[in-house]
Amino acid sequence: MTVLDVESVQAFVAIADFQSFTRAAEALGTTQGAISVKLKRLEDKIGQRLVERTPRSVRLSAQGALFLDGARGFLAAHERALAGLTDCRRRFTLGIAAHVAGPELPTLLARLNAHDPGLTIEVRLDNSRTLLDAFDRGELDAAIVRREDDRRDAEILGPEDFGWFAVPHFEHRQGEPIRLATHAPSCGVRDMATRALDAISIPWIDVFLGGGSSVVTAAVSAGLAIGAFPCRLAPPGTVEVGPRFGLPELPSSEIVLHSTLTDAKSRGALRTLAAAFREHRGATLTG
């Protein structure tokens with residue numbers, strides 16, 4: 001009887017999820033070479049080629065695609081068996097800055113759940129400063145935020161570029177203040193945008209203050225005002241209007257992951273989180 005090795009199946013599923021040996025190794029906290037060895041061990045065990053790999057792409061073979069659902073079920077059963085040894089579910093509290101959370105959020109949560117079905121995942125959305133304060137007080141296990149200052153106790157997930165966005169037909173009359181839709185005054189993106197305008201003496205006025213990204217996005221999409229957004233999260237139907245209206249370039253920043261978790265299970269969840277974020281972000285930038 002063929003007996004499957006858990007680590008080899010984990011390697012295969014990670015390769016399937018990330019379509020990359022590098023990302024799979026990052027998520028599992030190992031090396032690319034070790035991932036290759038585990039995949040080869042699994043393919044030899046079941047006598048089937050599961051992954052087709054070329055210098056430019058990684059994809060599942062026909063047999064790999066057939067095997068994937070069963071492999072996921074095998075890993076889920078393994079996790080349930082281990083979870084049955086304890087009466088309590090583990091809780092993972094994740095803070096994500098509202099101006100950072102984007103279309104990758106479902107992917108992040110799905111990967112966390114797949115990594116550890118025994119997790120109870122709690123997500124808190126707020127501005128970066130509030131989340132960092134909560135993290136420093138020990139209220140969050142991890143926080144994905146825009147870098148707010150020069151503190152270096154974080155893992156860089158990627159750069160973040162900003163721009164000025166409005167609907168294509170938005171009108172601004174020469175000499176009048178720039179009409180802005182922004183988050184609450186404590187928001188770092190708002191501070192960055194207004195400082196940039198003040199630095200070159202461009203007058204501005206708040207015409208919409210929202211308590212979350214979705215309502216600010218709605219205001220800009222409705223044509224009420226101009227908004228400063230990460231370029232990857234520009235509201236649908238809007239265009240970059242900085243050059244048209246002579247607005248200053250906005251400084252780039254970084255998206256970072258803060259965590260102080262040290263146990264192996266939690267570190268594994270964090271590696272999965274970081275790898276999923278980079279994978280989705282890379283697909284967005286090249287798509």
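Where is S253 found? Look for strand β12, residues 253-259, and there S253 is. Before going on, keep in mind that this is a predicted model, in which local features need pLDDT of at least 70, side-chain atom pairs count only at pLDDT 80 or more, and totals for chains, interfaces and linings use all residues. Residues are numbered from 1 along each chain as its sequence is written, and side-chain values use heavy atoms, with hydrogens and water left out. Helices (H or I, at least four residues) and strands (E, at least two) are DSSP runs numbered from the N terminus.

Back to S253. It is buried, at a relative accessible area of 12%; buried means under 20%, exposed over 50%, and partly exposed in between, with a 1.4 Å probe and protein chains only. Setting aside neighbours within four places in sequence, S253 is in contact with R146, R147, P159, E160 and F162, where contact means heavy atoms within 4.5 Å.

Two of those partners turn up again in a cavity. On a 1 Å grid over the protein atoms alone, a cavity is a set of points where a 1.4 Å probe fits but cannot get out, while a pocket is an open set with protein on both sides within 12 Å along at least five of seven lines; lining residues have an atom within 4 Å of a point. Grid points are joined across faces, edges and corners, and a volume is the space filled by probe spheres set on the points. Searching the whole structure gives two cavities of 30 Å³ or more. (Ala, Val, Leu, Ile, Met, Phe, Trp, Tyr, Cys and Pro count as nonpolar, Asp, Glu, Lys and Arg as charged, and the others, Gly among them, as polar.)

The largest cavity has about 50 Å³ of space. Among the residues lining it are A181, R190, V216 and A228, and β8, α7 and β10 each give at least two residues.

V216 leads us to helix α8, residues 213-221, whose buried residues are V216, T217, A219 and V220. These sit on the same side of α8, because they cover an arc of only 160° around the axis, the arc being that of the directions from the helix axis to the C-beta atoms. Their cover includes β7 (162-166), β8 (178-183), β9 (204-210) and β10 (227-230). After α8 comes G223, with a positive phi near 85°.

What about positive phi elsewhere? Most residues other than glycine have a negative phi. Q19, however, has a positive phi of about 50°; it lies in the loop between α1 and α2 and is exposed at 55%. S201 has a positive phi too, near 55°, in the loop between α7 (188-199) and β9, and counts as exposed at 63%.

Finally, the largest pocket has a volume of about 580 Å³. Its lining has 25 residues, with Q10, L28, L75, A114 and H115 nearest the centre. Helix α1 gives the most, seven residues, and by class the lining has 11 nonpolar, six polar and eight charged residues.
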